[in-house]
Amino acid sequence: VATTLESKFHVYDMRTQHPKEGFNHLTEKAHRSTVWLAKHLPQNRDIFATCGGNGGLNIYKYHNPISRTGKHAEDGASVGFMGNVELLNSRIISTQPIVSFDW
């Protein structure tokens, strides 16, 4: 998971890299401000939290697709398929940005 200044985060599938298009990813809007942090639950890598500049804490779950890889339509190279992200909970817990978090 990579966070951005534009209130979004990106989830990358690092298992399969296409020679021209790179790694497949999805983008999700998380907070109404900068997303300062994304931290995975150590016991389950599919669950992660994001912390925002608006004092918000969001918890997400990544759902894997049925098939993780396939063939590219144009060149036949292997390409990764992305699943989806489900928002489990969202709370504003501070009036200040949350820049650190530990499970």
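Which strands each supply at least two residues of the lining of the largest pocket? The legends below take up this point first. The model shown is predicted.

**View 1. The largest pocket and its lining.** β2 (8–18) and β5 (44–52) each supply at least two residues of this lining. The pocket has a volume of about 310 Å³. Lining residues number 14, and the closest to the pocket centre are Y12, R45, D46, Y62 and R68. β2 gives the largest share of the lining, with five residues. Sorted by class, the lining holds seven nonpolar, two polar and five charged residues.

**View 2. The open sheet β1-β2-β3.** Three strands make up this open sheet, in the order β1-β2-β3, with antiparallel pairing. β1 (2–3) and β3 (22–29) each have a single partner strand, so they stand at the edges and one side of each lacks a neighbour in the sheet. Strands of a sheet pair through backbone hydrogen bonds. β1 and β2 run antiparallel and are joined by two bridges.

**View 3. P42 in the loop between β4 and β5.** The loop between β4 (35–41) and β5 contains P42. P42 is exposed because its relative accessibility is 66%, and the cut-off for exposed is over 50%. How far apart are P42 and H10 in sequence and in space? They are separated by 32 residues along the sequence and by 19 Å in space, C-alpha to C-alpha.

**View 4. The F9–F48 ring pair.** The whole structure has four aromatic pairs. In one of them, the ring centres of F9 and F48 lie 5.4 Å apart and the planes meet at 85°, so the pair is edge-to-face. F9 sits in strand β2 and F48 in strand β5, 39 residues apart, and the pair links these distant parts of the chain. Are the two residues buried or exposed? F9 is buried, with a relative accessible area of 0%. F48 also counts as buried, at 1% relative accessibility.

View 5. F9 forms an edge-to-face aromatic pair with Y60, at 4.9 Å centre to centre and 65° between the planes. F9 belongs to strand β2 and Y60 to strand β6 (residues 56–63), so this pair ties together parts 51 residues apart in sequence. Y60 is buried because its relative accessible area is 3%, and buried means under 20%. F9, F48 and Y60 form one aromatic cluster.

Key
Residues are numbered from 1 along each chain as its sequence is written. This is a predicted model: local features need pLDDT of at least 70, side-chain atom pairs count only at pLDDT 80 or more; totals for chains, interfaces and linings use all residues. Side-chain values use heavy atoms; hydrogens and water are left out. On a 1 Å grid over the protein atoms alone, a cavity is a set of points where a 1.4 Å probe fits but cannot get out, and a pocket is an open set with protein on both sides within 12 Å along at least five of seven lines; lining residues have an atom within 4 Å of a point. Grid points are joined across faces, edges and corners, and a volume is the space filled by probe spheres set on the points. Helices (H or I, at least four residues) and strands (E, at least two) are DSSP runs, numbered from the N terminus. Ala, Val, Leu, Ile, Met, Phe, Trp, Tyr, Cys and Pro count as nonpolar, Asp, Glu, Lys and Arg as charged, and the others, Gly among them, as polar. Two strands pair if DSSP finds at least two bridges between them. Buried means under 20% relative accessible area, exposed over 50%, partly exposed in between (1.4 Å probe, protein chains only). Rings of Phe, Tyr and Trp (its six-membered ring) pair if their centres lie within 6.5 Å; planes under 30 degrees apart count as stacked, over 60 as edge-to-face and the rest as tilted.
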